[in-house]
Amino acid sequence: MFNLILMSLMITMITLIVLTLVNLISKKTYFDREKSSPFECGFDPKSSARLPFSLHFFLIAIIFLIFDVEITLLFPLIMSLKISNLMNYTLILTIFILILLIGLFHEWKQGALDWTT
């Protein structure tokens with residue numbers, strides 16, 4: 001019992017010493033406060049709150065969500081490969097990927113994927 005208490009005390013002391021050393025040695029200073037501040041929703045949080053919302057950021061977020069949902073829909077197809085008919089599986093997967101490619105081509109033609117403007 002005494003060994004267990006002694007071991008726990010030693011582990012706690014070593015952990016506290018390491019944490020103290022890390023805090024002393026780290027290069028994080030007061031000047032890094034702006035670097036560690038969040039940059040959310042396509043605008044700088046330190047600027048005026050009356051600036052309009054970035055439509056370009058909104059379109060990028062929507063495209064990200066669409067591609068995220070696509071991946072979520074592809075996972076069950078991969079898992080059902082073992083139990084499904086190969087001809088039906090190939091047809092369904094081809095139609096699904098064709099729909100995704102048509103949507104991607106449409107977004108490309110509309111200019112939603114033009115990142116430089």
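**View 1. Glu-70 and the residues it touches in this predicted model**. Setting aside residues up to four places away in sequence, Glu-70 touches Phe-96 and Leu-100, where contact means heavy atoms within 4.5 Å. Glu-70 sits in helix 2, which spans residues 55-79; helices (H or I, at least four residues) and strands (E, at least two) are DSSP runs, numbered from the N terminus. Glu-70 is buried but has no salt bridge, and the nearest side chain of opposite charge, Lys-109, is 19 Å away. Buried means under 20% relative accessible area, with a 1.4 Å probe and protein chains only. A salt bridge needs a side-chain nitrogen of Lys or Arg within 4 Å of a carboxyl oxygen of Asp or Glu; Lys and Arg count as positive, Asp and Glu as negative, with His and the chain ends not counted.

As for the ground rules, residues are numbered from 1 along each chain as its sequence is written, and side-chain values use heavy atoms, without hydrogens and water. In this predicted model, local features need pLDDT of at least 70 and side-chain atom pairs count only at pLDDT 80 or more, while totals for chains, interfaces and linings use all residues.

**View 2. Helix 2 against helix 3**. Here helix 2 packs with helix 3 (residues 86-110) at an angle of about 175°, their axes 12 Å apart. Axes are lines fitted to C-alpha atoms over the stretch in contact, and angles run from 0 to 180 degrees between N-to-C directions. The two helices are therefore roughly antiparallel, a label for angles over 145 degrees. Residues of helix 2 including Phe-67 and Leu-74 meet residues of helix 3 including Phe-96 and Leu-104.

**View 3. Glu-107, a buried residue of helix 3**. Glu-107 has no salt bridge, and Lys-109, the nearest side chain of opposite charge, is 14 Å away. Beyond its neighbours within four places in sequence, Glu-107 contacts Ile-63, Ile-66, Phe-67, Ala-112 and Leu-113.

Definitions and conventions
Buried means under 20% relative accessible area, exposed over 50%, partly exposed in between (1.4 Å probe, protein chains only). Angles under 35 degrees count as roughly parallel, over 145 as roughly antiparallel, 65 to 115 as roughly perpendicular and the rest as oblique.
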